Amino acid sequence: MNDALKSLLDLLALERIERDIFRGESRASVVPRVFGGQVAAQALVAAGRTVPEDLPQALGSARAGETPMPHSLHAYFLRPGDPGAPIVYTVDRIRDGRSFTTRRVVAVQHGQPIFHLSASFQIHEEGLEHQEPMPPAPDPLTLPSPAEILPRHAGRYLTPAVADRLLEARAAIDLRYVDEPPYATVGEVREPRSQVWFRTNGDLDKALADGAGCGDTVTRPLLDICLVTYVSDMTLLDSILLAHGRGGWAVGDVVGASLDHAMWFHRPLRADDWLLYDQESPTAQAGRGLGQGRIFTADGQLAVSVIQEGVIRVPRERGGSGA
């Protein structure tokens with residue numbers, strides 16, 4: 001089993017303290033705070049663990065035996081997370097309905113909320129179907145892996161250690177850029193669009209069978225959704241950087257952080273199969289930028305829509321107006 005994938009699954013294995021209170025471990029990311037995707041994924045795990053599998057039966061639903069799955073989440077990043085301290089997640093059971101279930105989660109460290117999430121779950125229904133077609137993209141296996149592309153641009157990073165930190169932080173995920181990432185084309189203004197293929201770096205069924213993390217507390221469909229939530233925060237603001245020729249956090253020509261994050265889960269997916277993340281930025285202004293993305297399965301199904309706004313500032317010492 002890939003040790004990094006096991007470590008990621010272990011992060012999602014929250015300890016239940018009370019009926020609706022959970023505690024999760026934390027770890028450092030490339031920047032000196034908890035990675036936002038980790039907090040969002042852990043919060044969604046906490047919410048999902050309070051949705052009983054027999055809820056439809058208990059409410060007299062005709063679809064007894066089906067488990068509601070997340071269909072949307074809306075979240076705010078309130079404070080930087082401390083990677084050296086655990087995070088406590090408190091879940092409010094807002095509503096248990098026959099078709100939809102709503103949960104609210106607050107993540108707390110050192111007595112202060114650092115993250116707030118609202119998630120809605122739905123029992124599967126048949127209904128009207130349409131979607132935008134999947135955009136063209138090359139076969140992911142023809143693209144360079146992180147281990148191949150990150151060291152290639154080491155001379156651009158703030159320190160030589162950045163490449164190693166990025167590789168370590170993303171070791172559980174095989175993430176491949178269709179075009180050059182922002183840090184590879186600093187100073188070159190490009191279209192505000194970016195595509196990456198991604199999947200977990202290992203087979204999830206095998207990892208769970210080998211005893212990794214959360215296999216006994218989270219269903220496989222919920223785990224796939226939580227892992228995609230984790231990855232969704234990795235590259236969504238890249239398209240903003242491309243529009244201004246900026247390299248990003250690794251290069252040090254901007255500083256920033258995620259402000260809010262919204263996701264809609266349309267169709268089933270598997271996080272250990274290749275997924276195409278098509279991303280763009282329609283606007284940036286007032287020290288903020290908006291990124292929006294669509295995640296497709298390899299066979300062209302639109303599985304997830306994502307929107308995120310983030311703080312994007314140019315450091316004063318580099319001639320910008322931000323701080």
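Residues are numbered from 1 along each chain as its sequence is written. In this predicted model, local features need pLDDT of at least 70 and side-chain atom pairs count only at pLDDT 80 or more, while totals for chains, interfaces and linings use all residues; side-chain values use heavy atoms, with hydrogens and water left out.

The protein has eight helices and 12 strands. These are DSSP runs numbered from the N terminus: helices are H or I, at least four residues, and strands are E, at least two. The radius of gyration, taken over C-alpha atoms, is compared with a globule rule of 2.2 Å times the number of residues to the power 0.38. For 323 residues, a compact globule would be near 20 Å, and the 19 Å of the protein agrees with this. Along the principal axes, the C-alpha atoms fill a box of roughly 60 × 45 × 40 Å.

Buried residues make up 50% of the 323. Buried means under 20% relative accessible area, exposed over 50%, and partly exposed in between (1.4 Å probe, protein chains only). The protein exposes about 14600 Å², of which carbon and sulfur atoms supply 51%. Areas come from the Shrake-Rupley method with a 1.4 Å probe; for residues, only the protein chains shown count as cover. A contact means heavy atoms within 4.5 Å. Among contacts between residues at least 6 apart in sequence, 73% join residues at least 24 apart.

The structure holds one cavity of 30 Å³ or more. A cavity is a set of points, on a 1 Å grid over the protein atoms alone, where a 1.4 Å probe fits but cannot get out; lining residues have an atom within 4 Å of a point. Grid points are joined across faces, edges and corners, and volume is the space filled by probe spheres set on them. The largest cavity has a volume of about 30 Å³. Its lining includes Tyr 177, Asp 179, Arg 190 and Leu 242. Strand S8 (residues 193-200) gives the largest share of this lining, three residues.

Leu 276 lies in strand S10 (residues 275-285). This residue is buried, with a relative accessible area of 0%. Beyond four places in sequence, Leu 276 touches residues including Met 134, Trp 197 and Phe 296. Its C-alpha atom is separated by 6.4 Å from that of Thr 297, 21 residues apart along the chain.

Gly 211 sits in the loop between helix H6 (204-209) and helix H7 (220-232). Gly 211 is exposed, at 52% relative accessible area. Gly 211 and Asp 10 are 201 residues apart in sequence, yet 9.7 Å apart in space, C-alpha to C-alpha.

Methods: On a 1 Å grid over the protein atoms alone, a cavity is a set of points where a 1.4 Å probe fits but cannot get out, and a pocket is an open set with protein on both sides within 12 Å along at least five of seven lines; lining residues have an atom within 4 Å of a point.
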